[in-house]
Amino acid sequence: MKNITFLLLFIVSTITSQQKKKLQNDDEVLKYKLIPQETLFLHYNNTLLFSGENLHYKIYCFNSEDNAYTNISKVAYVVLLNEDEQYIFKHRIQLNDGIGYGDFFIPVSVPSGNYKIVAYTQWMLNAKNHFYQGELSIINPYQVNENIIAKNGILPNTNTGEQGDTKVYTSDDKIRLSFDKTAYACREKVTLTLENQFEDYEGSYSISVIRKDTFVKSTDLSAIDFVKNKDEQIVLKKDVNVNSSVFLPEMRGELVYGKIKAKEDKKVSLKKDLGLSLPKEKNEVYFVSTDDAGEFVLNLPNRNTDNDKLLVEVLGEDRSDYTVSLYDIPKIDFNNLNFYQFKITSGLKDKIIQRSVYNQIENNYYGAKPDTLITKEQSAPFYGKYDIYTYKLDEYTRFPTIKETLVEVVEGMWSTKDENGKYIFGIRDYYPDQEEIGYKPLLLIDGVVEQDQDKIINSAAKDFVSISYIRDRYYLGSKIFGGIVLMETKNNDYAETRVAEYIATADLPEIKVQNKKYFKQKYNGEKLYDRIPDYRNQLLWEPEITFETKKKIIRFFTSDIKGEFEVRLEGFNSLGVPVSVKKSFLVD
């Protein structure tokens, strides 16, 4: 791990456009070649889903050199594509030791048709056509797609053996499944026993329990098939030399790329300092420098919120001489993917209607059976746990301006003029013998960097609810600040007011973290659910299966739907050995 980390740090010194890095010399080329490539497997709950149902998936990402879980990438991407290769969704998934998971509720806006699930890391983009792809067919009874209706009412001969298949298969039978019964009644408890035959129990697995489809659909790819296919194909990163551009691995978190440009009439250096703010992330602030071409890259580790606004601005008195732009997530050239051709006939009408009705009923009662989000502990703000002095302004006599408020209310702070005759904040720090050095404090308003302290000091105090400050001298990147001033507006919306050409903003999409506990229906003599319909087609989805001992017991309940249900366990042990088990039971 230390060697790989050193190699990665070595080659991230300069960035070129479109989220790539230009290799500067022979040493960087060598280091790039020494870093292993990654491979990725996706276990998802079904290859056929209806609108109103959920796609569940789990990512397993590996170092292709030794098949161990990757420690290279911390972010993966999962996208759903239609046959025109248009994006239905694009998820960013946080990886912890190569593992991550997510889900997608299929809305009625997604028409019936054939789709591809594609998953990859940015590091994988350095190999040609190197990404995971799986089939997904969607039936939407509210949007008819003539292309999936079989001609002459005859289905093509593409039966994949899904119907009636009760075969149990695994890698040398290393994990065995057994039920306490072979058949169950509706709303009855099922006890599933997993027996781990590996000498070392460590590993990560996921399990899906879903009603077997009577529709002819695509076969899902098992973990065993994935490893067999991987072993037959040698994955090579593209051949590179000095000045070649490559994608960087997101080894500490998401990477955000961008560029500054000088305005047409300005002849100024493109090597500048930038301030970057994530106001929703508890005053998360970064300072980075551009290269000689004005390019920059920012690492965002461990984002906590679903959606973030990112603000990037040029620092300095000459900031108005520049414009800033941010790059989008890189897109893959999918090179004409081949889609499975799912078909239906008019003879399936009643089954489609019944399943759609069941889905509508289930979604109407979602409030009684919700998934739950596990609250993630908020990371400490970037300034750590320094003593913060806070003044809530409504607790004091209100004065017209911030300047007057500093004089009359806030102790330990004042306003003073800099060498340009503009007002800046002053803070009584812990170094009175060094006050002549005169480090300017950092000003954050609602978590956003504000450079024009003169404007704020002369602004109306009525727009602010609090003023806080930190006396400690603070070092952020190459900059030294004489303390930090934290101000909060009444509507906490200061980021919305920051509009200028030297400021770029971006709404960062949600990054899916491992913080969801999926709903598990229980009937334990409680009458809470007695009068609530239960038409679950998916009885269980559990993406985090691990073993502490040889045996693991999993319990779940059947629903009001009768038929044959299938348990599917997928995963890998700590050495990357695949496990894939399927076994069926009846509900009658």
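## Sheets, cores and single residues in a predicted chain

Three strands form an open sheet in the order β2-β4-β7, and their pairing is antiparallel. Strands here are DSSP runs of E with at least two residues, helices are runs of H or I with at least four residues, both numbered from the N terminus, and two strands pair if DSSP finds at least two bridges between them. β2 (38–44) and β7 (99–105) stand at the edges with a single partner strand each, so one side of each has no neighbour in the sheet. On average, neighbouring strands of this sheet are turned by 25° against each other, direction ignored, where the axes are lines fitted to C-alpha atoms, for helices over the stretch in contact, and angles run from 0 to 180 degrees between N-to-C directions. Strand β4 (residues 54–63) runs antiparallel to β7 and is joined to it by 7 bridges.

The model is a predicted one, in which local features need pLDDT of at least 70 and side-chain atom pairs count only at pLDDT 80 or more, while totals for chains, interfaces and linings use all residues. Residues are numbered from 1 along each chain as its sequence is written, and side-chain values use heavy atoms, with hydrogens and water left out.

### The chain as a whole

The secondary structure of the chain comes to 6 helices and 37 strands. Of the 588 residues in the chain, 52% are buried, where buried means under 20% relative accessible area, exposed means over 50%, and partly exposed lies in between (1.4 Å probe, protein chains only). Among contacts between residues at least 6 apart in sequence, 76% join residues at least 24 apart, a contact being heavy atoms within 4.5 Å. The accessible surface of the chain comes to about 28,000 Å², and carbon and sulfur atoms account for 46% of it; such areas come from the Shrake-Rupley method with a 1.4 Å probe, and for residues only the protein chains shown count as cover.

### A second sheet

Another open sheet of 3 strands has the order β10-β12-β35, with antiparallel pairing. β10 (175–179) and β35 (551–557) are its edge strands, each with a single partner strand, so one side of each is left without a neighbour in the sheet. The twist from one strand to the next averages 20°. β10 pairs with strand β12 (residues 189–196) in the antiparallel sense over 5 bridges, while 7 bridges join β12 to β35, again antiparallel. β12 is mostly covered, since 6 of its 8 residues are buried.

| Residue | Partner | Strand of the partner |
|---|---|---|
| Tyr60 | Ile99 | β7 |
| Val190 | Phe556 | β35 |

### Nonpolar cores

A nonpolar core is a set of buried Ala, Val, Leu, Ile, Met, Phe, Trp, Tyr and Cys residues joined through side-chain atoms within 4.5 Å. The largest such core has 47 residues, and those with the most contacts inside it are Leu42, Leu55, Ile59, Val78 and Phe572. Two or more residues each come from β2, β4, β5 (75–81), β6 (87–94), β7, β8 (113–120), β9 (132–139) and α3 (223–232), and β5 gives the largest share, 7 residues. Apart from this core lies another, of 43 residues, among them Ile445, Ile456, Val485 and Ala495. Leaving aside neighbours within four places in sequence, Phe572 is in contact with residues including Phe41, Tyr60, Phe62, Tyr69, Phe226 and Val577.

### Single residues

Asn537 lies in the loop between β33 (516–517) and β34 (538–545), and Asn537 counts as buried because its relative accessibility is 13%. Not counting residues up to four places away in sequence, Asn537 touches Glu53, Val209, Ile210, Arg211, Arg355, Ile561 and Phe565.

Lys261 has its place in strand β15 (residues 254–262) and is partly exposed, with a relative accessible area of 47%. Lys261 and Gly294 are 33 residues apart along the chain, yet their C-alpha atoms are separated by 6.5 Å. Apart from neighbours within four places in sequence, Lys261 is in contact with Leu270, Asp321, Tyr322 and Thr323.

Among the cysteines, Cys61 is buried at 0% relative accessibility, whereas Cys186 is partly exposed, with a relative accessible area of 27%. If a disulfide is taken as a pair of cysteine sulfur atoms within 2.5 Å, the count comes to 0 disulfides.
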